[in-house]
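Please look over the sequence and the structure before reading on.

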Amino acid sequence: MAIVPFWLQGRTASSIMTILLFLFTVYLTSQARKGKFKTHIRELPAYDAIEEGIGRATEMNRPVFWATGDKGTLFNELAPHVLTSFAGLRYISELCVKYGAKQIVCVGGTKGGGADLLPYVQAIIDEAYTAGGKPGETEGIVRYIASEGSAYGAGLQGTITRENPAAVMIIAPFGDNMIPPAEAAGRVGAISIGGGARYGGSMDHHYVAFCDYWMICDEYFTFGALLTHEPATEAGIAIGDYTKWVLIALTALGFLFLQLGMPFIKNFLSMG
Amino acid sequence: MATRIHLRRTLPLLITLIAGVLIILDFFVSGLPVSSQSVPILSKWATIIWGFAMPYSVLTLVIDHLKIIKKQTPGRWYYSIWMLVLIALMLYQGFTEGTGGDLYTELFTYMAAPVLSTVSGMLGLYALAASFRVWHARTPEALTMIIAGYLVVLGIIAPIGEIIWPGFGPLANFFNDYVFKAERTVFYIGTSVSAILLGIRTLLGYETYYMRVED
């Protein structure tokens, strides 16, 4: 098979940008670890509401509900979204162990039936409970609901209605099927916290309409940095912001030069 | 003990890095022997892992429902029996005739499909109810959202808008084609950049909160 490099495949612009992002990430992270780069991430009300919701659940002796998204798997383009939601699950589980709140974690609905996520979710719960000094108290927490999306949504709605949780957290890559659990959360009087960042923001407005607190678009990816407050992770968020400024500048300059009859920026970005 | 923890931390990160770099390499430089031969193998491994996980999921589901039946949970246990019967029936059909069998097709067409369509139909009503709940102009930003929302409702969704004023249609189309498209593009770029960077940080082992192993 002949070797075909990126410039002959029409992937020049994306290749250069990926390489630059790799190098920039390595450089800024090393600077942050040495203490030479510091950044600040603004407070997210949804993040603060998680602990508040778990505290409320403990006081009311009602469970805390969490569900995997019906779209993300570890084998598709939404894998980063799934990893972020796992970070959230880990944090929520640790808080549930700390406060002694009952937890319900539902899995299912994704391409492949959500089956690929179940062992990871079980492992996260096991580790959180073992670390919190409560090994063996995880029975009945993780529930597999259904492999089909609509059945999963209906199953989540049924579970919330029956179990009457005080806090419902749907911080995961969801499609339309985030609506039934979010609606059920409102009906049982639970605090609902939603979060997602599907490409194109196709579902993000639903989180705003249905949930009491939400983290959408790139707010969703700051979750890990807010949880750890590690300089390296925070630097990663700053790199994202710098990249967006560069893209805004490229767009503005590209438009300007195009009007002046010099389409070199457009040509570079159109190289695939 | 320290070696075990070190292995549990390092080994998954190493596997992630190697697999990720191979797939990226294959995307940008096709035909390289190291990546072009290993990427199909990695894809097969993903399918094998899923093949192991799926029976585990079904088993979890069956065990949960057997517990409900054993406890005779009020209002639920008979539904659990019905679900186990359906699982057994679908499995039997799947193993004997495959997914093209008559009974399998009929079960799906006449039992599963109507139920799933009902759930999908309910989503629209829920979305409508939620939209009315957030229809309050508490802040100037919310007011702009509501004005834009009204324009779309009157210009595109509700036919009465065109009767009140014919300009509603073109105005709503302008908002839909330019203003909302710009907003969606901003979301698209923001989300994509953040997801790419999270992928890079995961490959480089900087993002490990989800797999933290206690000392």
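Is A:Arg143 buried or exposed? A:Arg143 is buried, at a relative accessible area of 18%, where buried means under 20% relative accessible area, exposed over 50% and partly exposed in between (1.4 Å probe, protein chains only). This is a predicted model, in which local features need pLDDT of at least 70 and side-chain atom pairs count only at pLDDT 80 or more, while totals for chains, interfaces and linings use all residues. Residues are numbered from 1 along each chain as its sequence is written, chains are lettered from A in the order in which they are written, and side-chain values use heavy atoms, with hydrogens and water left out.

**Salt bridges**

- Over all chains, the search of the whole structure finds nine salt bridges, each being a side-chain nitrogen of Lys or Arg within 4 Å of a carboxyl oxygen of Asp or Glu.
- A:Arg143 pairs with A:Glu163 in a salt bridge, at 3.0 Å from N to O. The pair links distant parts of the chain, with A:Glu163 in helix H5 (residues 149–163) and A:Arg143 in strand S3 of chain A, 20 residues apart. Helices (H or I, at least four residues) and strands (E, at least two) are DSSP runs, numbered from the N terminus.
- Between B:Lys67 and A:Glu139 there is a salt bridge whose closest N and O atoms are 3.1 Å apart. The pair joins two chains, because B:Lys67 lies in helix H2 (residues 33–71) of chain B and A:Glu139 in the loop between helix H4 (118–131) and strand S3 (142–144) of chain A.
- B:Lys67 is partly exposed at 31% relative accessible area, whereas A:Glu139 is exposed at 66%.
- A:Arg187 and A:Glu183 form a salt bridge of 3.0 Å, N to O. Both residues sit in helix H6 (residues 179–187) of chain A, four residues apart, about one turn of the helix.
- In that pair, A:Arg187 is exposed with a relative accessibility of 60%, and A:Glu183 is buried with 3%.
- A:Arg90, A:Glu94 and A:Glu127 are joined into one network by salt bridges that share partners.

**A buried charge without a salt bridge**

- A:Glu234, in helix H9 (residues 231–259) of chain A, is buried yet has no salt bridge.
- The nearest side chain of opposite charge is A:Lys38, 9.4 Å away; Lys and Arg count as positive and Asp and Glu as negative, with His and the chain ends not counted.
- Apart from neighbours within four places in sequence, A:Glu234 is in contact (heavy atoms within 4.5 Å) with A:Thr39, A:Ile41, A:Ala225 and A:His229.

**Cavities**

- Two cavities of 30 Å³ or more are found in the whole structure. On a 1 Å grid over the protein atoms alone, a cavity is a set of points where a 1.4 Å probe fits but cannot get out, and lining residues have an atom within 4 Å of a point.
- The second largest cavity has a volume of about 30 Å³, and its lining residues include A:Thr68, A:Val82, A:Phe86 and A:Leu117.
- This lining divides into five nonpolar, four polar and no charged residues.

**Positive phi outside glycine**

- A:Asn61 has a positive phi of about 55° although it is not a glycine. A:Asn61 is in the loop between helix H2 (45–60) and strand S1 (64–67) of chain A, and is exposed at 72% relative accessible area.
- B:Gln72, also not a glycine, has a positive phi of about 50°. B:Gln72 lies in the loop between H2 and helix H3 (77–97) of chain B, and is partly exposed at 49%.

Definitions and conventions. 1 Å grid on protein atoms, 1.4 Å probe; cavity = no way out; pocket = protein on both sides within 12 Å on 5 of 7 lines; lining within 4 Å. Points joined across faces, edges and corners; volume = space filled by probe spheres on them. Nonpolar A, V, L, I, M, F, W, Y, C, P; charged D, E, K, R; others polar.
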